Amino acid sequence: MFDAEDTIIKSVIIPNRGLPGKVTVDMRQGKVRAVYGDGWCLHVEQRWLAEGTEEATPVEVEVVQEARDMCLPTEGISWVECSTDETVLFESAWRLSGEAMEFSVRITNRGTDTVALCLEQSIAGIPLRGMCFAPSLRSDYDLKRTGAAFSYRGAPGLTKGLPGGTLSIPMVCFYEREQDVGFTVAAHIEAPTHPFGCETNVGQVSLQRRAGITPGHSATIRHFIIRHEGCWRPGLRWVRDAYSEYFMTSADTVDATHGCFVYTNTATPELCDKLVRQGVKNVEIHWTCPFFGKVVPEEEPWVKMVDDKWNTIKRTTDPDAPAEDAPYKEIKRYVANVTNPSGRREGIHAFIRELQRRGMQAFMYFNPTECWESFATQEFPESIIRRSDGAPRMTWFDHVIMDCRPDSRWGQYLRGEMRQLLEIYPEIDGIFMDQSALDPEDFRVCGITDAIAKIVERTGKTCYWNGPYMVDLMQHAVGLLGELGPVQGELIKWLTIGNKVCCGLGHTEAQYQRNLLNGLWPSAPSLTHARGFRVSDIDAHTKAIPEELQAMHNTYMELYESFPGKRWFLGANPLDVPEGVQGNIFETREGTYLIPLIVPGHGIENGPAITNAEITVRVPDDASIRAACVRSVNVPDGPYRVQLRRHPAPDTRPGQLRVTIPWLGSACLLVLTRDEENYKKMPPPPNGVELTKERPLQIICASACSEGVAPTGNRDSIENGLETSASLPSVPTRKVSLNGYEVGTLGSVNSWHWHGRVRVVFDKDITGIPRRKNELIIEPDGPEDFFKLRNISMLVVYSDGRVFHSQTDPNTYSSCPHAEAEGIIQSPIRIPIDFPELPDASSRH
């Protein structure tokens, strides 16, 4: 790539953390070479593309200022280019700091039109014969078998067909453990962060960044190449340390929030007592607002969740009912007549007091991105986000996605709603921010949540988040929620590498195992009944919890005693565990190491599964670790003292600590501590514990998603507390089978719009049913039961955390002849589902 005579600039720096020697950077005409002290060499080339309605086209540039050496604030190289039409100026620089090479470019639009630009950089020399790590739903990729492609905020130009996914943090790590070398490519994190894409491509890494700039304005893009050891953890550590404000919170907040989470309508004191006993610290007060889009009531008493109630009631056979598209105030009056308006401020005040006197935090629900369509169409029509065909983008039930940019009329309205909500309930601990987990390229969610959170924080309160699943939404969040259990838990865990609390919903033991391994708190067993009061006009109250669930929760909660304030330990290659076992390692504020260990697929009722499990730990302060103990969910009466053995390293690297656990079942917590005296008092582990046969891996979560039109079939409100005097028709049931096995039903949202929530509800265990080639069959409830589907795909999550996506079937299917029918018309509907990466049945154990 370079000849000796081509080199015009050299910069030298000494990296820290023991990385090899100096780094020499050479540069000519935008082409960069970085040579490390051990001879490892990177080459970086770049080009600019202009994006528009057609295919992206290269931007011709010419050098305005030749590359020059920089000394302050850090050593590096800078140069200036301009597009040949003189409309865009590019001021670029490479700087070196520690183990990181930083690239930055300030782009200025000197023209009269908005420009959309994409930077493509090709990086050769990064190790691509080992592993690739990405903080996404699936994190590990063997580069000897496949390439990979990832995006953050919809970066352009990624190769279709490569495995990969959406990132929760804009970074990708490439490493080879055998050579002990790794490189992480990471974007500068800010709110908002510009789109970031990264893929492996013919022996090199391709990086894409995108920016849109209006006339007379500038945008700056920054990213880093970080060299580290042959492991993904140091790359993640660099990001956490560089952007600690996104991952860390205060000790007081840790003490106030670390514990279980529930959402609920207002509840009785007896239920509050039960929540405390189940370890709840954070309560989202939900379903008390008039409707999505209005949290401040206009009258009292008010109908709570009139929008969700109307979604069912609008199918009434009552001739006096308003039309489906009637003005929202007319709908409100009718629903108030056929239900019991029960919303009262004093009831919510009383519930907040009951929670707080028991040491729980109360977070009031707030949703800035969605609104009841009836209200939005009448009051904020210009703020409804629409498809290219003019149809609104639907969400939840009868709800639309809103243009929530802070300077929009809807954004201004939201800020007023928040100020009034805080005035009405000044005693609350904070706000629960819903449906603000993802942000498109116009940055509207980042903008409005930043504006709303600052209003909240000025009153001394905090924000708990549903999600988020993007790091640049994290700065204002003191707590996180993985609402959809293992699907979202495997993604959100990467945002919990600091000390912020996160809860992963779910009530199976497989979900408790995944939560423990990932460092997420479990949800309380009483949450199994909370949704049953979603549209109820009475307070949520206690119901019997299955004894097995309550016992399992109590047993697992004993392992969480040391979790408050813990964070992921991100040293290189810190843990070796036996085959069939999965482990992680955290560090506490006191310097104790917590090592959760699970046997995926095994359960409490199965007893121990493995004997003499040898665990190897590498930490920098190994010499100060004096004792070890283990607490297992399968063997009662712990914790038990276990022997700690030392194996010093022959060089300056940390030594190895080894512990042999006599028996290992579904889950345990190994604790390494400096406190030897207290651990001497613990009993040794019991002998003669009987082994049981290990169970095969299970599918712990499955979903089949599509866009659909299903004007009938929604049972949600009927099953979750709706009481109405309006006469309602019977609700159709559409049975679903996979490869000949009945697995669930097709869900509906009672809408004539194309809607993303028309999906299969899997209510049966489908372990062993999916294979690479599948057939999904959906049966209408009668010959005139109309619905249609398109863009159908499926996802499964195994108990070891592996996630598999099917290919998307782009066809449109309709269930019967109808004026709205299109595509393939058949009954039953037969949909091919292909999982190209799903292992053969013989290799799933």
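## Helix packing, enclosed helices and aromatic pairs

Helix α12, which spans residues 509–518, packs against helix α14, residues 547–557, with the two axes 11 Å apart and at an angle of about 15 degrees. Since angles under 35 degrees count as roughly parallel, α12 and α14 are therefore described as roughly parallel to each other. Their crossing is right-handed, and the contact is made by Glu 509, Tyr 512, Gln 513 and Leu 516 on the side of α12, which meet Leu 549, Met 552, His 553 and Tyr 556 of α14. This description, like those that follow, rests on a predicted model.

Two further helices can be considered in terms of burial. In helix α1, residues 233–242, eight of the ten residues are buried, so this helix is largely enclosed by the rest of the structure. The buried residues of α1 are Arg 233, Pro 234, Gly 235, Leu 236, Arg 237, Trp 238, Val 239 and Arg 240. For helix α5, eight of the eight residues are buried, so α5 too is largely enclosed by the rest of the structure; the residues concerned are Val 306, Asp 307, Asp 308, Lys 309, Trp 310, Asn 311, Thr 312 and Ile 313. The elements that cover the buried residues of α5 include helix α6, strands β23 (370–372) and β25 (399–401), and helix α16 (716–719).

The aromatic side chains give another view of how the chain is held together. The model contains 40 aromatic pairs, one of which is formed by Phe 291 and Phe 375, a tilted pair with 5.0 Å from centre to centre and 55 degrees between the planes. Phe 291 lies in the loop between β21 (280–285) and α5 (306–313), whereas Phe 375 belongs to helix α8 (residues 373–379), so the pair ties together parts that are 84 residues apart in sequence. Both Phe 291 and Phe 375 are buried.

A second pair is made by Tyr 640 and Trp 663, whose ring centres are 5.9 Å apart and whose planes stand at 80 degrees, so that the pair is edge-to-face. This pair also links distant parts of the chain, with Tyr 640 in strand β38 (residues 640–642) and Trp 663 in strand β40 (residues 656–664), 23 residues apart; Tyr 640 and Trp 663 are both buried. Elsewhere, ring pairs join Phe 133, Trp 232, Trp 494, Trp 521, Tyr 560, Phe 563, Trp 568 and Phe 586 into a cluster.

Arg 227 lies over the face of Tyr 36, at 4.9 Å from the ring centre, and Arg 802 lies over the face of Tyr 798, at 5.5 Å from the ring centre.

Two single residues complete the account. Thr 257 is placed in helix α3, residues 251–257, and with a relative accessibility of 2% Thr 257 counts as buried, because buried means under 20% relative accessible area. When residues up to four places away in sequence are not counted, Thr 257 touches Lys 281, Asn 282, Gln 361, Val 478 and Val 501. Asn 340, by contrast, is partly exposed, with a relative accessible area of 45%, and its place is in the loop between α6 (328–338) and α7 (345–356). From Asn 340 to Glu 102 the separation is 238 residues in sequence and 61 Å in space, C-alpha to C-alpha.

Note on methods:
Residues are numbered from 1 along each chain as its sequence is written. This is a predicted model: local features need pLDDT of at least 70, side-chain atom pairs count only at pLDDT 80 or more; totals for chains, interfaces and linings use all residues. Side-chain values use heavy atoms; hydrogens and water are left out. Rings of Phe, Tyr and Trp (its six-membered ring) pair if their centres lie within 6.5 Å; planes under 30 degrees apart count as stacked, over 60 as edge-to-face and the rest as tilted. Helices (H or I, at least four residues) and strands (E, at least two) are DSSP runs, numbered from the N terminus. Buried means under 20% relative accessible area, exposed over 50%, partly exposed in between (1.4 Å probe, protein chains only). A charge sits over a ring if NZ of Lys or CZ of Arg is within 6 Å of the ring centre and within 35 degrees of the ring normal. Contact means heavy atoms within 4.5 Å. Axes are lines fitted to C-alpha atoms, for helices over the stretch in contact, and angles run from 0 to 180 degrees between N-to-C directions. Angles under 35 degrees count as roughly parallel, over 145 as roughly antiparallel, 65 to 115 as roughly perpendicular and the rest as oblique. A crossing is left-handed if the near helix is turned anticlockwise from the far one by less than a right angle, and right-handed if clockwise.
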